[in-house]
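Subject: Structure handover

Hello,

Here is the structure you were to receive. My notes on what was found in it follow below.

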Amino acid sequence: MAFSGSRRGPARLAEGATRASVAAECREAALELMAGIAEGWDKGDLARWLAGPYARATRHCRHGERTVAERADAGAAGGSVSAAAIQALLTSTRGRLLAALEKAALAGGALAFAGEIVERGFVRRAVDADGEDAWLPVDAPRMGLRDRVSALFVADYLNAPEAYAALYVCHRCEEVVFDDDARQLGMCWRHRRASGIEVRAGERDATRAAGDG
Ligand SMILES: [Zn+2]
């Protein structure tokens with residue numbers, strides 16, 4: 001196998017994992033963090049996310065031990081990062097990602113930072129069992145939290161670029177959604193009833209199902 005000697009992640013994805021399943025796990029983990037921060041996540045929530053959804057999404061391409069991701073960002077020694085520093089890190093990470101995603105949404109769904117993230121080795125290419133290219137987010141030491149979340153979005157984007165045509169950041173609640181109706185109406189589904197815009201149940205369910213992808 002051509003890439004078997006490479007240290008840069010697996011050449012082939014493990015049985016059962018596909019380009020689509022990697023994309024779905026990346027998006028789910030990234031959106032969970034974004035929504036969680038908006039709800040006021042703290043240090044414990046971040047640790048739980050890193051050990052759970054994040055570890056799951058990055059399990060295909062993991063390198064060495066993860067020194068607390070946020071150490072470099074917070075400029076503090078591992079283990080003694082203050083709750084306030086983590087809070088500031090979470091808030092700024094979300095803010096910068098929101099700005100980048102909003103920019104992408106305005107550009108028709110093109111993630112401008114995808115090239116940089118691949119270039120820096122935070123997302124790598126592999127082949128799934130069907131012979132399809134799959135892009136994997138990398139979990140490596142010394143990556144900042146923003147790099148980690150960016151890598152999740154970029155891996156999702158490279159694996160499922162068509163979905164990003166429906167990317168939208170709601171101006172009312174700042175939720176990141178993949179929903180064409182939201183783009184066109186200028187609000188995510190949760191505000192529609194309140195504003196008198198009825199969405200037929202069938203359409204809403206279809207939208208949700210697509211979003212759950
Ligand atoms: Zn909203």
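A residue is called buried here if 20 or more other C-beta atoms lie within 10 Å of its own, with C-beta atoms placed from the backbone. Please keep in mind that this is a predicted model.

By that criterion, buried residues make up 36% of the 213 residues in the protein chain. The protein chain has eight helices and four strands, in the order α-α-α-α-α-β-β-α-β-β-α-α along the sequence. Of its contacts with a separation of 6 or more, 65% are between residues 24 or more positions apart.

Helix H1 covers residues 19–38. Its buried residues are Arg19, Val22, Ala23, Glu25, Cys26, Arg27, Ala29, Ala30, Leu33, Met34 and Ile37. These pack against helix H2 (43–57), helix H4 (83–106), strand E2 (133–137), H6 and strand E4 (176–178). The length of H1 checks out: at 1.5 Å a residue, its 20 residues should span 28 Å, and the end C-alpha atoms are 29 Å apart, which agrees. After H1 comes Gly40, with a positive phi near 100°.

The largest nonpolar core has 53 residues, and the members touching the most others are Val123, Leu136, Leu152, Val154 and Ala155. Helix H6 (residues 145–159) supplies the largest share of this core, nine residues. Leaving aside residues up to four places away in sequence, Val154 touches Leu111, Phe113, Ala114, Ile117, Val118 and Val123.

Regards

Note on methods: Residues are numbered from 1 along each chain as its sequence is written. This is a predicted model: local features need pLDDT of at least 70, side-chain atom pairs count only at pLDDT 80 or more; totals for chains, interfaces and linings use all residues. A nonpolar core is a set of buried Ala, Val, Leu, Ile, Met, Phe, Trp, Tyr and Cys residues joined through C-beta atoms within 7 Å. A residue is buried if 20 or more other C-beta atoms lie within 10 Å of its own, exposed if 12 or fewer, and partly exposed in between; C-beta atoms are placed from the backbone. Helices (H or I, at least four residues) and strands (E, at least two) are DSSP runs, numbered from the N terminus. Two residues are in contact if their C-beta atoms, placed from the backbone, lie within 7 Å. The expected span of a helix is 1.5 Å times one less than its number of residues.
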